[in-house]
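Dear colleague,

I am passing a structure on to you with this email, and my notes on what was found follow below it. Please read them with the model open beside you.

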Amino acid sequence: MPNVPSSRALDLLADHLTANARVTVLTGAGVSAASGVPTFRGEEGLWKQHRPEQLATPEAFARDPRLVWEWYDWRRQRIAACRPNKAHEVLAAWSERYTDFTLITQNVDGLHERAGTHNVLRMHGSIWEVACWTRCAGSPLRWRDETVPLPVIPPRCSHCDGLIRPGVVWFGEAIEPGILMRCREATRCDVFLTIGTSAVVNPAASLVQEALERGAYTAEINLEATPASSLVDHALRGPAEIILAAVNERLGRLCGSGGSR
Ligand code: OAD
């Protein structure tokens, strides 16, 4: 049985999630771990086997597009076989429950959307989108492609016959300014939760500090301590899928007992 926070700790978080609360959630690879999607850091993480600069930079793609695409094709196949877990489901339910709810994710797997979550801001793009590497005039900026496995690696643009790249944000690339602006705006909230992220990659990692400065109640849900743990009001140690389910169950009870939620 995994470690889970005390009943009191779960109550405390539930107490802040009042009916009219403006809620913003930042997620990372840990929310998809129970679905079978590998995380990046840690013993089993993707960056144990590969160096980010060999696979997740524009330079790596320019050097060896086949290698980069083989890795993304493998990840796409793996993710395609995964289903949203309880953590995705609870967050999707909260996106209906709260009028002012924003889900900021660093994940490219699309599992929040598949769970039915509204108002998702994808900071690092989507593994299910692609773009023309040369941004040729004939092709859209980005488009969806869910083919798994890809029939030809590396895939080619049907307009210019140049290379197609994954629609994700690589190290050294800027986050789309419009998305980043909306993420920053969403730190103006009552409750800010950082869930299943190692909180080491900026600008995502800096959002919790912004939320704090704007007076939000902040909490972290993670299996282990991260740089965000010492900043937040409340750090809950344990699996996101179990903690979120337990907090959600409390919200349901409070609602049923005629509380204000
Ligand atoms: P990481 O792999 O860095 O961190 C995953 C975090 O999830 C760790 O802190 C784990 O302790 C935690 N975790 C694992 N399983 C969990 C569970 N069941 N419940 C709760 N927590 C759990 O992933 P990210 O923080 O998402 O960027 O990584 C951020 C960015 O770095 C990624 O978007 C990616 C990566 O390099 C790019 O590729 C640009």
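Helices (H or I, at least four residues) and strands (E, at least two) are DSSP runs, and they are numbered from the N terminus. This is a predicted model, in which local features need pLDDT of at least 70 and side-chain atom pairs count only at pLDDT 80 or more, while totals for chains, interfaces and linings use all residues. Residues are numbered from 1 along each chain as its sequence is written, and side-chain values use heavy atoms, with hydrogens and water left out.

I begin with the backbone. Asn119, in the loop between helix 8 (111-114) and strand 3 (120-122), has a positive phi of about 55 degrees although it is not a glycine. The loop between strand 5 (143-144) and strand 6 (164-168) holds Pro149, and the peptide bond that leads from Val148 to Pro149 is cis, with omega near -15 degrees. Pro154 also lies in the loop between strand 5 and strand 6, and it is joined to Ile153 by a cis peptide bond with omega of about -5 degrees. As background, most residues other than glycine have a negative phi, and most peptide bonds are trans.

Now to the ligand. There are 23 residues around the ligand, of which Phe40, Arg41, Thr197, Ser198 and Asn222 come nearest (a residue is near a molecule if one of its heavy atoms lies within 4 Å of it). This shell divides into 10 nonpolar, 10 polar and three charged residues, where Ala, Val, Leu, Ile, Met, Phe, Trp, Tyr, Cys and Pro count as nonpolar, Asp, Glu, Lys and Arg as charged, and the others, Gly among them, as polar. Helix 2 (30-33) and helix 11 (240-256) each supply at least two residues of the shell. Because domain 1 (1-37 + 84-124 + 176-261) and domain 2 (40-81 + 128-168) both give residues to the shell, the ligand lies between them; the domain bounds come from an automatic or database domain assignment.

An oxygen atom of the ligand is 2.5 Å from an N or O atom in the side chain of Ser198, a polar side-chain atom of His124 lies 2.8 Å from an oxygen atom of the ligand, and a polar side-chain atom of Glu241 lies 3.2 Å from a nitrogen atom of the ligand.

Technical notes. A polar contact is a pair of N or O atoms within 3.5 Å; within protein, one must be able to donate a hydrogen and the other to accept it, and residues adjacent in sequence count only if both atoms are side-chain atoms.
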